[in-house]
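Dear colleague,

Please find the structure below, handed over for your own work. My notes on it come directly after.

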Amino acid sequence: MAIELGQRRTRSSDMRDGAPLRRGWTTGACATAATKAALTALLAGDFPDPVEIVLPKGEHPAFPLARTERSESTAFAAIVKDAGDDPDVTHLAEIGARVRLGPSGSGIVFRAGPGVGMVTRPGLPIPPGEPAINPVPRTMMQTEVEALCAAHGVPADVEIAIEVRDGERLAEKTWNGRLGIVGGLSILGTTGIVHPFSCAAWIHSIHRGIDVARASGLAHVVGATGSASEDAVRRRHPELPEIAYLDMGDFAGGLLKYLRRHPVPRLTLAGGFAKFTKLAQGSLDLHSGRSQVDRAFLLGLAGDAAAPLRAAVLGANTAKEALDLTAAHGIDLAAPVADLARTVASQALGDAPVIVEVLVTDRAGRVIAHAG
């Protein structure tokens, strides 16, 4: 069944003063819906409105169309992004897709339309020279395009140009310029859903999750920064029930400080390299707006072997770029980050009888380091 806008499920973290917070949709989900609508019109003659897509976790939201255009060779559809109750710069932005059929054998090609940035520096999940459309949104669009083309008996040779109205101005309110993304916004999202961001409510949810785990007699709980790292733990610990998973997000401190007073025998922390570098540095709030990766810290972890890479590591665009630079020279940064993150977490727990395990994952959710 499709989930209509404004009819979203809530969870315990989606609350503010006892009232439910609305979840929203990522730019990637909106771009996928716009792509499906435009390609449907190009192949079948009509725009589906609303247009339903499948999200990575299997949900089926339906999006109303805000604007459409069609010519003999192209079709365009746009969605107004609803970010729910999340303070998102792209809330109410118009996300559009302009599609055309490409030459035989060209496959699915992504373009940056007006308002979408281009990647110019390494260290991001998309290489320089490509539109700033992240891997999961690309996969979502590819899935819809391949299904539509198969249904109409045509090869999936399609050019997709994603647009964001006023995106270049909106991008000035983001860190895109600092990351080397020029000309507009990025198309993002790993689940298609924007979870509302209320610090107090989120931390409250973590605390209640610990309470439930303890009341159920669980001896092992998990705090993951996101869905990819949580999935890595599920593969490693398939025996753990659903209530063992605490939606930690960026709030490592909120989880650790509560466990200090209300311990559970074993804790697994899982997160990406950048997030856990900040934890290894001693930051318990992992949000990008409140803590930053220190390149000099990473250089120190690399030791004398990284001396020839000093300027490159200190000038790295992202933590991933520093990780890739050192890995290319046989230097493992992930292992010492995991060890130090575990030390910081254990110190935050004080004398609480909690054994800590740390998993550091890459962007695909593969474990690249383990401690504990």
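This is a predicted model: local features need pLDDT of at least 70, side-chain atom pairs count only at pLDDT 80 or more; totals for chains, interfaces and linings use all residues.

Residues are numbered from 1 along each chain as its sequence is written, and side-chain values use heavy atoms, with hydrogens and water left out.

The sheet

Helices (H or I, at least four residues) and strands (E, at least two) are DSSP runs, numbered from the N terminus. Two strands are taken to pair if DSSP finds at least two bridges between them. Five strands make up an open sheet with mixed pairing, in the order β7-β8-β9-β13-β10. Its edges are β7 (67-70) and β10, each of which pairs on one side only. On average, neighbouring strands of this sheet are turned by 15° against each other, direction ignored; axes are lines fitted to C-alpha atoms, for helices over the stretch in contact, and angles run from 0 to 180 degrees between N-to-C directions.

Within the sheet, β8 (residues 74-80) and β9 (residues 94-101) pair in the antiparallel sense over seven bridges. The bridge partner of A77 in β9 is A97. Helix α1 (residues 27-44) packs on the sheet and touches β7, β8, β9 and β13, where contact means heavy atoms within 4.5 Å. The direction of α1 makes about 40° with that of β9. Helix α2 (residues 135-151) also packs on the sheet, touching β10 and β13, and its direction makes about 130° with that of β10.

Salt bridges

Side chains of opposite charge can pair when their charged atoms come close. With a salt bridge defined as a side-chain nitrogen of Lys or Arg within 4 Å of a carboxyl oxygen of Asp or Glu, the structure holds 21 salt bridges.

One of them joins the side chains of E159 and R111 (3.6 Å, N to O). E159 lies in strand β13 (residues 158-164) and R111 in strand β10 (residues 108-112), so this pair ties together parts that are 48 residues apart in sequence. For accessibility, buried means under 20% relative accessible area, exposed over 50%, and partly exposed in between (1.4 Å probe, protein chains only). E159 is partly exposed at 24%, and R111 is partly exposed at 41%.

A second pair is E230 with R234, at 2.8 Å from N to O. These residues are four apart in helix α6 (residues 227-236), which separates them by about one helical turn. E230 is buried, with a relative accessible area of 18%, whereas R234 is partly exposed at 26%.

D250 counts as buried at 11% relative accessibility, and K275 as partly exposed at 25%.

Helix α12

Helix α12 (residues 334-349) has 16 residues and reaches 22 Å from its first C-alpha to its last, close to the expected 22 Å; the expected span is 1.5 Å times one less than the number of residues. Its buried residues include A334, P336, V337, A338 and A341. α12 is followed by G350, whose phi is positive, near 60°.

Yours sincerely
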